[in-house]
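Okay, thanks everyone for coming. I'd like to take a few minutes on how this one packs, so let's get it up on the screen.

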Amino acid sequence: ALSEALKRQNAIFAASPFGICVFRESRRVMASPAFERMFGYEPGELDGTESGGLYASKEDTERVRDALYAHIAHGETFDLEIRMLRKDGTPFWCRVCAAALAGEEASRGVVVLYADITKRKEAEEALRSAHAELDAIFASATTGVALVRARRVERCNPRMEEMHGYARGELTGTPVRVLYAAPDDEFERFAAEARATVERGEIWRREQLLIRKDRTTFWARLTGLMGRRPLDPGC
């Protein structure tokens with residue numbers, strides 16, 4: 001029965017898509033095929049080696065080791081995303097999760113799972129860069145721009161606030177109705193027209209009398225379109 005259980009354990013270990021290492025007293029006693037492939041090592045090449053050597057620096061190695069054992073000594077699971085190194089020196093992003101082996105002291109037996117998260121990190125960085133670029137365009141636009149949802153200003157640029165005489169951030173969450181000088185019935189008519197137009201995937205355009213915070217009015221040319229997520233055209 002023990003032999004069969006060990007066979008099943010080894011089969012799971014070998015088939016796991018995650019890199020798995022078992023450490024005893026900070027030395028690797030077992031590494032899964034996925035771990036060896038992930039880090040570019042030959043089968044068995046890392047057996048018996050110390051837990052360091054795969055991190056980008058000695059400081060990282062010591063920091064991770066100290067934090068890992070501190071967590072599992074308190075019965076907690078350790079979870080960290082950090083840059084690591086393959087055998088050829090290529091860096092990649094890795095998620096490291098560790099826990100004490102069942103029935104053993106944390107200082108003696110630890111199992112660690114490794115997942116290559118490079119693609120996710122690159123996608124997140126690309127998204128951050130795209131957002132930063134859009135934020136810069138949004139902030140520097142010479143026309144007023146507002147993102148509107150459920151007839152409330154979700155976000156607007158400085159020019160929009162300046163046009164309407166509001167302080168930075170003051171328009172956020174404000175009903176767009178306060179920006180229009182038209183009577184309620186007229187506002188509802190062109191709001192319905194705007195909604196129907198953008199929901200057809202078309203661009204809505206109109207010249208409309210708007211109102212500032214100090215109740216003075218001005219004429220503006222409005223352009224509305226549907227965003228990737230449903231957005232109101234400003235009405």
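This is a predicted model: local features need pLDDT of at least 70, side-chain atom pairs count only at pLDDT 80 or more; totals for chains, interfaces and linings use all residues.

Let's start with the largest nonpolar core, which has 24 residues. Which of them touch the most other members? Those are Phe39, Met84, Val96 and Tyr114. As for where this core comes from, strand 1, helix 2, helix 3, strand 3, strand 4 and strand 5 each give two or more residues to it. Then, apart from that core, there's another one, of 21 residues, and Cys156, Phe187, Trp204 and Ala220 are among them.

If you leave aside neighbours within four places in sequence, phenylalanine 39 contacts Leu54, Met84, Leu85, Arg86, Lys87, Phe92 and Tyr114. There's also a cluster here, where ring pairs link Phe35, Phe39, Phe92 and Tyr114. And look at arginine 86, which lies over the face of phenylalanine 92, 4.0 Å from the ring centre.

Okay, rings in general. The count comes to 8 aromatic pairs. Take tyrosine 180 and phenylalanine 187: the ring centres are 5.3 Å apart and the planes are at 55°, so we call that pair tilted. Both tyrosine 180 and phenylalanine 187 are buried. Now for phenylalanine 190 and tryptophan 204: the centres are 6.5 Å apart, but the planes are at 15°, so this pair is stacked. What does that pair tie together? Well, phenylalanine 190 is in helix 6 and tryptophan 204 is in strand 8, so the pair ties together parts that are 14 residues apart in sequence. Phenylalanine 190 is buried, at 2% relative accessible area, and tryptophan 204 is buried too, with a relative accessible area of 2%.

Last stop, helix 4, residues 118-140. Which residues of helix 4 are buried? Thr118, Lys121 and Phe138 are. The cover over the buried residues of this helix includes strand 3, strand 4, strand 5 and strand 7. The charged end of lysine 121 sits over the ring of tryptophan 93, 4.6 Å from its centre.

That's what I had, so over to you.

Note on methods. Residues are numbered from 1 along each chain as its sequence is written. Side-chain values use heavy atoms; hydrogens and water are left out. Helices (H or I, at least four residues) and strands (E, at least two) are DSSP runs, numbered from the N terminus. The expected span of a helix is 1.5 Å times one less than its number of residues. Buried means under 20% relative accessible area, exposed over 50%, partly exposed in between (1.4 Å probe, protein chains only). Contact means heavy atoms within 4.5 Å. Rings of Phe, Tyr and Trp (its six-membered ring) pair if their centres lie within 6.5 Å; planes under 30 degrees apart count as stacked, over 60 as edge-to-face and the rest as tilted. A charge sits over a ring if NZ of Lys or CZ of Arg is within 6 Å of the ring centre and within 35 degrees of the ring normal. A nonpolar core is a set of buried Ala, Val, Leu, Ile, Met, Phe, Trp, Tyr and Cys residues joined through side-chain atoms within 4.5 Å.
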